[in-house]
Amino acid sequence: MNKFSNVPALLVLDMQKGFDDPYWGKRNNPHAENNAFRLLTEWRKRRWPIFLSKHLSLDPQSPLYHKNEAGIQFKDLLAPKSGEQVFTKNVNSAFIGTELEIQLRQQQIESVVITGLSTQHCVSTTTRMSANLGFITYLVSDAVAAFDITDHKGVVHSAETVQELELAALHMEFAVIVTADEVINQLSCRTL
């Protein structure tokens, strides 16, 4: 992992209770939230920029439907604290319909570290757009999780396979794929 060129922002994408609903199917990486929390703790300790997104679906069948008060709430471990910016969105990218890009540019942030749910949806889309907008993008592989998907032929692909393929597609084209330990180790080598 390259040294951060400046203070990076931590993006915590859609860590909401609605993702615990059986609606989504099987999921991989049960430790994603704990690893995201470890990073969130580091960023809070350093008083570095933290941005959270909340997905408010327009689909009444979704557990993240904007009128589902229980599903749209943040997971307790990853709930924002006072002063941490939350961007609400109705699409996969945390950059669309929000002021995320504006805030990053105003704070002269050049790099972002991405965590969240789910890998094949909001995480992948936000990662791609982050790179396309010119941000140095790090995606934390063990602080994201995927769900099983069924393709257009009716074939079910396991969450683990989805995760591996998504990370492979994003690696070096859109992001540097890292682990939570790699990020924390890099931070401990950094002089404040």
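1. A quick word on terms before anything else: helices (H or I, at least four residues) and strands (E, at least two) are DSSP runs, numbered from the N terminus. By that scheme, Asp 148 sits in the loop between strand S5 (136-145) and strand S6 (149-150).

2. Keep in mind that this is a predicted model, where local features need pLDDT of at least 70, side-chain atom pairs count only at pLDDT 80 or more, and totals for chains, interfaces and linings use all residues. Residues are numbered from 1 along each chain as its sequence is written, and side-chain values use heavy atoms, with hydrogens and water left out.

3. Back to Asp 148. Its relative accessibility is 24%, so Asp 148 counts as partly exposed (buried is under 20% relative accessible area, exposed over 50%, partly exposed in between, with a 1.4 Å probe and protein chains only). Leaving aside neighbours within four places in sequence, Asp 148 is in contact (heavy atoms within 4.5 Å) with residues including Trp 24, Lys 26, Gln 120 and Ala 159. A polar atom of the Asp 148 side chain lies 2.6 Å from the backbone nitrogen of Ala 159. Asn 28 is 120 residues away from Asp 148 in sequence, yet the C-alpha to C-alpha distance is 8.4 Å.

4. On to charge pairs. Side chains of opposite charge can pair when their charged atoms come close. The model holds 10 salt bridges, meaning a side-chain nitrogen of Lys or Arg within 4 Å of a carboxyl oxygen of Asp or Glu. Asp 20, Arg 27, Glu 33 and Lys 75 are joined in a salt-bridge network.

5. Have a look at Asp 76 and Lys 17, a salt bridge with its closest N and O atoms 3.1 Å apart. This one links distant parts of the chain, 59 residues apart: Asp 76 is in the loop between strand S2 (50-55) and strand S3 (85-89), and Lys 17 is in the loop between strand S1 (9-13) and helix H1 (32-46). Asp 76 is exposed at 63%, whereas Lys 17 is partly exposed at 34%.

6. Asp 181 and Arg 38 also form a salt bridge, at 2.5 Å from N to O. Because Asp 181 lies in helix H5 (residues 180-189) and Arg 38 in helix H1, the pair ties together parts 143 residues apart in sequence. Asp 181 is partly exposed at 43%, and Arg 38 is partly exposed at 31%.

Conventions
Polar contact = N/O pair within 3.5 Å; in protein donor to acceptor, adjacent residues only side chain to side chain.
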